[in-house]
Amino acid sequence: MNTAGTVTTLAGGIGGIFNGTGDGVGTAARFNNPQGIAVDSAGTIYVADTNMHTIRQITPGNVVTTIAGCPQCFGGDPRRFNSPQGIAVDSRGFVYVADTRNNTIRTTAPLATSLVVDLGPYGIWLRRGTTWRLINPTSAKSIVSESEGIDDGLIIDFGPGIGIWFYGRDSNGTDFWFQLNTQSADAIVPVDSQGTGETDNAVFSFAGLGLWMLDGDEGTWTQIHSVNPVHLAAGNLDGVGGDEVIADFAGYGLWIYSGGMWSSLHPYDVSTMMTADLDGNGKKDLIVTFPHVGVWAYMNGTAWVQIHVFDALRVATADLDGNGVLDVIIDFGPGIGLWARKNGTTWVQLNGTATENIAIGDLDGDGLDEVIADYGGLGVWDYQEGRGWTAVHGFNAKSIATGRVR
């Protein structure tokens, strides 16, 4: 309704015969008892479509799309709503929904990241907010976080004799453990095989036995290569379907496993390897260090671009200023220290001291990524842009990991 009192229909049809779930432009779209409405600073409208149990979005061009929920189905599953009514948008663009019959408040705002620290003889500890708790008294060979939807779980390799276990905690605060394999692995990487944002599979490198993929849904193991790689990563490099597996086989360079087939990516071996979406186009880019050649990124599955001429000891990515662009975090080792490439252009030194481990997370839940660094005898420290460094733990950690673990 404008200031002259003229009323127009923005979206949807009037009357019971126009109830429905259909997306579309303007009056071609259908709603069923919409009750909540909110608008962000860009003019995008969000609607709680109560009887459809969905959240709808209307862009400035009056294009209606369903962005969350399951039309005409409901429940307590994290991907479903049950009669959502109230809805609001904050100054950062995060949406909040009163999910009425689920008796919950739902949000797109990021949840605080938990920090997992292996303190060797003192066991594995988890910090959520400012509270520390012991999750296992036994030190681990390696700890990997994997996405389980709203919450994350941990794949923990306790080494020979104990094997690999999955750890999680439910909404009631009950810990649960189950064994994935009796053997220990040299490398572990979670895999989102379906492109849903959840890591339903994982690939393990078992010494002398090659690479094996665990189907997390079926609990079945499949060998995908008989040779063990030196480095292992996973990511959706082509933007289609789920993740590809990237392996560095010593003397044979980089190879990609996709659709049940291996193909060569680069003839050189690497000393570091990870995947991240550096340009925000929905495709993961491969970031590697070629020894004596520097740090390079394989962008959009097509071209190699040099990030820095120096070799990296460790590489990570973080959105330090919250602008939606990933910054590349590189530990160049002793004498050079820890640096960040901001917005793809500017290098800024974060610390002159080399690290023993680095991880990325949002420990305080403010929406900004932080760099968590283990400085050996100096303990574990947390860096946030604008705040600087803050001590997290005074002990030298054997390993650190982050995730949305309860």
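How many aromatic pairs does a search of the whole structure find?

A: The structure is a predicted model, in which local features need pLDDT of at least 70 and side-chain atom pairs count only at pLDDT 80 or more, while totals for chains, interfaces and linings use all residues. Residues are numbered from 1 along each chain as its sequence is written, and side-chain values use heavy atoms, with hydrogens and water left out.

The search of the whole structure returns 17 aromatic pairs. Rings of Phe, Tyr and Trp (the six-membered ring in the case of Trp) pair if their centres lie within 6.5 Å; planes under 30 degrees apart count as stacked, over 60 as edge-to-face, and the rest as tilted. A pair of aromatic rings is thus described by the distance of the centres and the angle of the planes.

One of these pairs joins Tyr298 to Trp304. Their rings are tilted, with 4.9 Å from centre to centre and 40° between the planes. Tyr298 counts as buried, because its relative accessibility is 12%, whereas Trp304, at a relative accessible area of 24%, is partly exposed. In these terms buried means under 20% relative accessible area, exposed means over 50%, and partly exposed lies in between (1.4 Å probe, protein chains only).

Phe332 and Trp347 form another tilted pair, with 6.0 Å from centre to centre and 55° between the planes. This pair links distant parts of the chain, 15 residues apart. Phe332 lies in the loop between β29 (327-331) and β30 (338-342), and Trp347 lies in strand β31 (residues 346-351). Strands are DSSP runs of E with at least two residues, helices are runs of H or I with at least four, and both are numbered from the N terminus. Phe332 is buried, as its relative accessibility is 9%; Trp347 is partly exposed, with a relative accessible area of 25%.

Aromatic rings also meet charged side chains. The charged end of Arg56 sits over the ring of Phe31, 4.7 Å from the ring centre. Arg106 is placed likewise over the ring of Phe81, with its charged end 4.5 Å from the centre. A charge sits over a ring if NZ of Lys or CZ of Arg is within 6 Å of the ring centre and within 35 degrees of the ring normal.

Tyr167 may be considered on its own. Tyr167 is found in strand β14 (residues 164-169) and is buried, with a relative accessible area of 0%. From Thr104, Tyr167 is 63 residues away in sequence and 25 Å away in space, C-alpha to C-alpha.

Four strands form an open, antiparallel sheet in the order β11-β10-β9-β36. β11 (131-136) and β36 (399-403) stand at the edges; each has a single partner strand, so one side of each is left without a neighbour in the sheet. Within this sheet, β9 (residues 114-118) and β36 pair in the antiparallel sense over five bridges, and Ser114 stands opposite Gly403 in β36. Two strands pair if DSSP finds at least two bridges between them.
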